[in-house]
Amino acid sequence: MKQGAARSDYLDWLAQALAATQAFEPLPDGEVVVGYATGYDAADIAPFVLSLRAVFDGPVALVVDDEPDLRAFLTQNGVTAVDAPTWRGWAPHPVMQRFVAFAGLLGDRPGAALACDVRDVIFQAPPFAPAPQGLEAFVEADGPLADHAFNMKYLRALFGEGLAAAVADRPCLCVGTLVGLRVEVARLSRLILSLAATPRSEIGGAFGADQAAFNLAVHQGLVSSSIQPNYGRVATLGLTRGERLAFVDGRVVNPDGTASPIVHQHDRHPHLDAPVHARWGGGLEHRKRVRPKSAGQKWAKLKASLRRRTPELR
C-alpha cells in the first residue's frame, strides 16, 4: 500500500468487483431480465420464474448457487443459471454484490433491462410494456425519505448528515426494481458500487447501503432518470397497508383497483402471499419470508454490527 492511499475492506473488494464485471458474458441484444438469487432454492424462486415466463419469453439470467435441483428447474423454464463471482477475502452483503453481476450481464448492449429482486417479485403482465425510454426509478412509499428511518439511517451512515438532509424531502425510491435501457442500468450499477465506497467497509457493504446509494444517485442528479409513482409499471407493497390490497381473479390488486405488471414485496402480506404461491409456486413448498437463524449466522451478524461501530483506518 502506497503512503497516503486510502484503505478499507470495501475498497479492496471494489477493485476486484469492477474487474469481475468483465468476466460475465453479456446477454443477447434486446429486452432482458436479470436477478441475483444466491442462497435460494427452486421453492424460493418458483413464483418469480413461473409468473415471468407466463408473460415474457426473452432472455432471463439469474445468479444462483451450484445446486442441481435449482439449476434443473431453471433449465426447464429457459432461464440461464450464472455462477456467482468468487472473492478473495472480505465481501459485502449480496445486495451489493449483485450490481457486479448486473453490470456484467447487461454490458453495453442495445435493448431494455429489468434488474430486480427475485424472491419477492412476481409478474402479472409483460414487464416492458410500454417500452421504457430511459432509466425509471420507482417510488416505494408515501411521504418523503425523512419519514423512513431505515433509509435515513443508511443515508447518514454512507454520506453524512448534510447530504442525508439535502435529500430528506425527496421521494423514497426502491432499488429492488430497476428498469431502463441496458446501458443505463449497467452504468447505474457501477455507480452504486462506487458511491458505497465513501464510508467504512462494513457500512458500504451492508444491507441498506444499496438503497442509500441509489436514492442519492437519483436525487442528486448523478444519473438521468424519471421518477415513477407507485402502482404503475411496478407496485412495491411492503409499506402499503394490507387492507388496501387484494387478490382478485388471480392477480394482486392495488389500492386504486389496478394491477401492476411487476409486483414487489407481496410476501409482506399473508393474504396476498398464500394465493400468489398457490398460483405460481409450481407445487413446491411455500417458504416463510423470514427463517430462523443459526448460531453461526447470529454470531456473524453480531460481529458485523460491532465492526460498524469500530473506527476503521483509511
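**Cores and overall make-up**

Reader: Which residues have the most contacts inside the largest nonpolar core?

Author: A nonpolar core is a set of buried Ala, Val, Leu, Ile, Met, Phe, Trp, Tyr and Cys residues joined through side-chain atoms within 4.5 Å. Buried means under 20% relative accessible area, exposed over 50%, and partly exposed in between, with a 1.4 Å probe and protein chains only. The largest such core here has 59 residues, and those with the most contacts inside it are Tyr 10, Trp 13, Leu 155 and Phe 214.

Reader: Which helix gives this core its largest share?

Author: Helices (H or I, at least four residues) and strands (E, at least two) are DSSP runs, numbered from the N terminus. Eight residues of the core, its largest share, come from residues 94-106, which form helix α4.

Reader: What kind of model is this?

Author: Residues are numbered from 1 along each chain as its sequence is written, and side-chain values use heavy atoms, with hydrogens and water left out. Local features need pLDDT of at least 70, side-chain atom pairs count only at pLDDT 80 or more, and totals for chains, interfaces and linings use all residues, as this is a predicted model.

Reader: How much of the chain do buried residues make up?

Author: The chain has 10 helices and 12 strands. Nonpolar side chains tend to be buried together in soluble globular proteins. Of the 314 residues in this chain, the buried share is 52%.

Reader: Which residues does Leu 155 touch, beyond those up to four places away in sequence?

Author: Contact means heavy atoms within 4.5 Å, and Leu 155 is one of the residues with the most contacts inside the largest core. Outside its sequence neighbours up to four places away, Leu 155 touches Leu 145, Gly 160, Ala 164, Val 167, Ala 212 and Leu 216.

Reader: Which residue of β4 stands opposite Val 33?

Author: Two strands pair if DSSP finds at least two bridges between them. Strand β1 (residues 32-36) has five of its five residues buried, with Val 32, Val 34 and Tyr 36 on one side and Val 33 and Gly 35 on the other. Four bridges join β1 to β2 (residues 60-64) in parallel, with Gly 35 opposite Leu 62. Four also join β1 in parallel to β4 (residues 112-116), where the residue opposite Val 33 is Leu 114.

Reader: In β7, what is the bridge partner of Val 139?

Author: Seven of the 10 residues of β6 (residues 135-144) are buried, so this strand is largely enclosed by the rest of the structure. Strand β6 runs parallel to β8 (residues 225-228), joined by four bridges, and Glu 136 stands opposite Ser 226. With β7 (residues 171-181), β6 pairs in the antiparallel sense over four bridges. There, the partner of Val 139 is Leu 173.

Reader: At what distance does the side chain of Gln 211 reach the backbone nitrogen of Val 175?

Author: Gln 211 lies in helix α8 (residues 209-219) and, with a relative accessible area of 9%, is buried. A polar contact is a pair of N or O atoms within 3.5 Å; within protein, one must be able to donate a hydrogen and the other to accept it, and residues adjacent in sequence count only if both atoms are side-chain atoms. The side chains of Gln 211 and Asn 151 are joined by such a contact of 2.8 Å. For the backbone nitrogen of Val 175, the distance is 2.7 Å.

Reader: Is Asp 256 buried or exposed?

Author: Asp 256 has its place in the loop between β11 (251-253) and β12 (262-264). Its side chain makes a polar contact of 2.6 Å with the side chain of Thr 258. Its relative accessibility is 53%, so Asp 256 counts as exposed.
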